[in-house]
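Colleague: I have a structure here and a few quick questions about it. Can we go through them one by one?

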Amino acid sequence: MKKKEYVQFSVDNPLQYHMTGKFVAPSESWIHQEAPLDDFELFIVTDDVLYIEHGGTQYTVENGEFLLLPPRTGPDSHRKGFRPSRCSFYWLHFLPANPYTVYQDTPPADAFSKNSICVPLFGQIPNASKLVVQMRQLQNNLQLGYGDVFLNYESTVILCELSGQFAIQEKRDDRSNYQKQLYSEIIDYVKLNTSIILHVSDIAARFGYNEKYISTLFNTFSGMPLKKFISKCKMEDADFLLSETSLSINEISAKLGYTDAHNFARAYKKHTGVSPSAFRESCAKKMIYHI
């Protein structure tokens, strides 16, 4: 698909069930026949890959993925296979009882409201096994002779489940994106504040979170404790000041927020294994040898 499309259904009234089933391709040479589509068709693929074209777009729907094809008019109303495969899938035909809306790319915030559901037209199912169980239950109830009203509501439940799974997934994605942004902001804040003594508690207070949350988040993204990163940034600045400036050890220690040169020297040696003076001397020798 060129764009990620969504369809929004009103659920003030249930969807209108038409028919359902499970299909298993008889051979590896099977290809979906060409036929018009005048209602919605939902595919949930459970094995191999379904290759199907609709509306000028070719879809490759793999195991654990779904495809929701809307009805179309004119020459684009047909759907047909474009490549053979030995796939299997559940399918469901239905029509909405109320007008529906198709969105290109991101749907508006109110698309997931108390009286409507919003479903992508194609994608990986977050919890495919649950959808498969519901599709199987729908077919069992059809065979048992349940009436249209029940089948209408059960079809609606299936689409509601699919919508709900994606709504939860998108909230998780939003939260993950926010955490990445927070992680980046912490890095910037630490690097811009090597001139003061920073504690994890200071950073937590700065961003409005508790210390444990900030520490866990940072370690998750970086693989390094935040306390160690703070020290690393300060020592990197120390390396630069020792090698690229003529500032005294006392001046550098003050510039990096230490109370005295002794505390700075002790922290530097603990981090690098050498004293500030020894590091500066080695840098000077390298410059001489280079010349």
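Colleague: Which residue in strand 7 is the bridge partner of Ile44?

Modeller: Phe66 is the bridge partner of Ile44. Keep in mind that this is a predicted model.

Colleague: How many bridges join strand 4 and strand 7, and in which sense do they pair?

Modeller: Strand 4 and strand 7, which covers residues 65-69, pair over 4 bridges in the antiparallel sense. Strand 4 is also joined to strand 9, residues 88-95, by 7 bridges, and those two run antiparallel. In that pairing, Val45 stands opposite Phe89.

Colleague: What holds strands of a sheet together in general?

Modeller: Strands of a sheet pair through backbone hydrogen bonds, and the pairing is either parallel or antiparallel.

Colleague: What is Phe66 in contact with, apart from its neighbours within four places in sequence?

Modeller: Its contacts include Leu42, Phe43 and Ile44. Val119, Pro120, Leu121 and Phe122 are also among them, and so are Leu162 and Phe166.

Colleague: And how far is Phe66 from Leu182?

Modeller: The two are 33 Å apart in space, C-alpha to C-alpha, and 116 residues apart in sequence.

Colleague: Let's do cores. How many residues has the largest nonpolar core, and which have the most contacts inside it?

Modeller: That core has 25 residues, and those with the most contacts inside it are Phe9, Leu42, Ile44, Phe66, Leu68 and Leu159. Strand 1, strand 4, strand 7, strand 9, strand 11, helix 1 and helix 2 are the elements that give two or more residues to this core. Helix 2 provides the largest share, 5 residues.

Colleague: Which residues does Leu159 touch?

Modeller: Leaving out residues up to four places away in sequence, Leu159 touches Phe9, Leu15, Leu42, Leu68, Leu92, Phe94, Ile117 and Val119. Another core lies apart from the largest one and has 17 residues, including Ile187, Ile214, Phe218 and Leu226.

Colleague: What do nonpolar side chains tend to do in soluble globular proteins?

Modeller: They tend to be buried together.

Colleague: New topic, the sheet with strand 10 in it. What is the strand order?

Modeller: The order is 10-1-11, in an open sheet of 3 strands with antiparallel pairing. Strand 10 and strand 11 are at the edges with a single partner strand each, so one side of each has no neighbour in the sheet. On average, neighbouring strands of this sheet are turned by 25° against each other, direction ignored.

Colleague: How many bridges join strand 1 to strand 11?

Modeller: There are 5 bridges between strand 1 and strand 11. Within strand 11, Pro120 is the bridge partner of Tyr6.

Colleague: And which strands make up the open sheet of 4 strands?

Modeller: Its order is 3-8-5-6, and the pairing is antiparallel. Strand 3 and strand 6 are the edge strands, each pairing on one side only. Strand 3 is joined to strand 8 by 2 bridges, and Pro36 has His78 as its bridge partner in strand 8.

Colleague: Where is Asp48?

Modeller: Asp48 is in the loop between strand 4 and strand 5. With a relative accessible area of 36%, Asp48 is partly exposed. Its phi is near 60°, which is a positive value in a residue other than glycine.

Definitions and conventions: Residues numbered from 1 in each chain as written. Predicted model: local features only at pLDDT ≥ 70, side-chain atom pairs only at ≥ 80, totals over all residues. Heavy atoms only, no water. Pairing = 2+ DSSP bridges. Contact = heavy atoms within 4.5 Å. Core = buried A, V, L, I, M, F, W, Y, C linked by side-chain atoms within 4.5 Å. Buried < 20%, exposed > 50% of the residue type's maximum accessible area, 1.4 Å probe, protein only. Axes fitted to C-alpha atoms, helices over the stretch in contact; angles between N-to-C directions.
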